Amino acid sequence: MTCFSLFFRRKRASLPPHSVDINEDVSGIQNTNMYSYKELRMATENFSLANKIGQGGFGSVYKGRLKDGTLAAIKVLSANSRQGVREFLTEINVIADIKHENLVELYGCCVEDNHRILVYGYLENNSLAQTLLGRGHSSIQFNWHTRRDICIGIAKGLAFLHEEVQPHVVHRDIKASNILLDKDLTPIISDFGLAKLFPANETHISTRVAGTEGYLAPEYAIRGQLTRKADIYSFGVLLLEIVSGRCNTNKRLLFEEQYLLEMAWERHERGKLVELVDASLNGDYDVEEAHRYLKIALLCTQDLPKLRPSMSTVVEMLIGEIDVDKEKISKPGLLSELLGLKGDKGDMKNKSSAVSGDSSKLDHSSSSSGNITSYATMTFNSIYDRSN
Ligand SMILES: Nc1ncnc2c1ncn2[C@@H]1O[C@H](COP(=O)(O)OP(=O)(O)OP(=O)(O)O)[C@@H](O)[C@H]1O
C-alpha cells in the first residue's frame, strides 16, 4: 500500500464505521427541535418503503408529514452507518442555527434509544446528480437560464458559509448529489456531515481527508490542508458539470473524454472552451455567458489555492459584475511539485510507474497531452482504484 492510498479508502472517505459510539454525547444538543421517535414513525407511516425517497451513506431518507402538516425529509442513521454518529452531531452543530435560501433547513432531530434521525425541509426535485447528470429520465428542462440560476444560487450559499457565518464553515463535500432542488429549481446545498468550522483567526487546518473523488482540491487531497479554497475547487468542478451536463468522470467514454477537467484545460489551451457546453441545449444559450462560466470554473480549479477567487468574487463573476476576461488563468503545475515530480515527460513517466505501478494509463496521459494535471489525476485515480 502506498502512502497515498491512506487518503482514499472509500469513495466517501471519512471515519471508519462505528469509530464513534452511538451513545457519543448527544446531551449537548440544544440548538434544534427534538422530535419524538413516535412522531417521526407516524409521519413516515412506520418508515414504509413507499415513503422512502433516498439512500445515502448516512442511511435511508423518508418523506413524511409532521404533526403540524409540514412535509419533511427524514434521514435515519442506519445501525452500520459509515457516516456515523459524529457526522450526525456535526450536521446539527453546523446548520441548526443557519438559515439561507440556498442551504438546507434542519427542522430538528430525534435522539431516542438507539435512534438517530435528522429532520429537514422537504425538497421536491431531487439532486443535480439524479436529474441533470442522472442516467434516468428527468422531466426537468435544464435550459441555460435554469443552469445559470442554479450556479449562482450554489455560489451564494457557499459565499454565505465561507464569509458571513461565524465561525466560517467549509463544507468539504460540494458535489452534484449534495445539491438538491426545490419546487422552483432553487439549488439547496445539503449534507453538512463533513463540514468544518473555522474560527475567524484560523485560515487553514490540517485534517484527515474526506470528500468525494473527482472533486477534491489537490493540496487537500495530497497534504490534508483544508481551507475554504478546497470548497471553491469542488465548486469549480461542479460548475463544469452543470454547464456541460456530464459527470466529472465517466470511464465509459473514450479515454480522451473521461475526465471533464482535463478536457476543459485542453479546450482552454486551444481556445475552444465553449465546445464543452452541453450539446443537448442545441445551441440555445448565451455563448459569451457560457464561456464566462467555463472560465470561472477554471479559475476555481487552479492548482494554487491562493489563485482561486473567493466565493463572493465568484458570485460577482457569475452575475457579470467582474470582467472575467481580464483574469489570468494559471495552467496546472503545482501538482507536479506536490508529488515531487518536476521534470520532463520522460521523468514523469518513470516516476509514475514507481508511484503507482500502473504505467498504461499514465503513459497514455503523458504522451497524449503532456499535461501534468492529467498525469497527476491519472496517478490519483489509479492509486484510488487500487486501494478500494
Ligand atoms: N431534504 C431533502 N428533501 C428531499 N429529498 C432528500 C432530502 N435530503 C435527501 N434527500 C434524498 O435522499 C437522497 C440521499 O441523500 P443523502 O444526503 O442521505 O445521501 P447522498 O448525498 O445521496 O449520498 P452520500 O451520503 O454518500 O453523500 C438524496 O439523493 C435525495 O434524493
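## A bridge to Lys295

Asp325 and Lys295 form a salt bridge in which the closest N and O atoms are 3.9 Å apart, a salt bridge being a side-chain nitrogen of Lys or Arg within 4 Å of a carboxyl oxygen of Asp or Glu. Because Asp325 lies in the loop between helix H8 (311-318) and helix H9 (334-338) while Lys295 lies in helix H7, the pair ties together parts that are 30 residues apart in sequence. Asp325 is exposed, with a relative accessible area of 59%, whereas Lys295 is buried, with a relative accessible area of 10%; here buried means under 20% relative accessible area, exposed over 50%, and partly exposed in between, with a 1.4 Å probe and protein chains only.

Salt bridges with shared partners also join Arg148, Asp149, Glu289 and Arg292 into one network.

## Basis of the model

This is a predicted model, in which local features need pLDDT of at least 70 and side-chain atom pairs count only at pLDDT 80 or more, while totals for chains, interfaces and linings use all residues. Residues are numbered from 1 along each chain as its sequence is written, and side-chain values use heavy atoms, with hydrogens and water left out.

## The protein as a whole

The secondary structure of the protein comes to twelve helices and twelve strands, where helices (H or I, at least four residues) and strands (E, at least two) are DSSP runs numbered from the N terminus. Of the 388 residues in the protein, 55% are buried. The accessible surface comes to about 17,600 Å², and 47% of it belongs to carbon and sulfur atoms; such areas come from the Shrake-Rupley method with a 1.4 Å probe, and for residues only the protein chains shown count as cover.

Among the contacts in the protein with a separation of 6 or more, 67% are accounted for by residues 24 or more positions apart, a contact meaning heavy atoms within 4.5 Å.

## Other salt bridges

The count of salt bridges in the model comes to 14. One of them links Arg147 with Asp278, whose closest N and O atoms are 3.0 Å apart. Arg147 lies in helix H3 (residues 144-164) and Asp278 in the loop between helix H6 (260-269) and helix H7 (287-300), so this pair ties together parts that are 131 residues apart in sequence. Arg147 counts as buried at 3% relative accessibility, and Asp278 counts as buried at 12%.

Arg270 forms a salt bridge with Glu275, with the closest N and O atoms 3.9 Å apart. Arg270 counts as partly exposed at 44% relative accessibility, and Glu275 is partly exposed with a relative accessible area of 44%.
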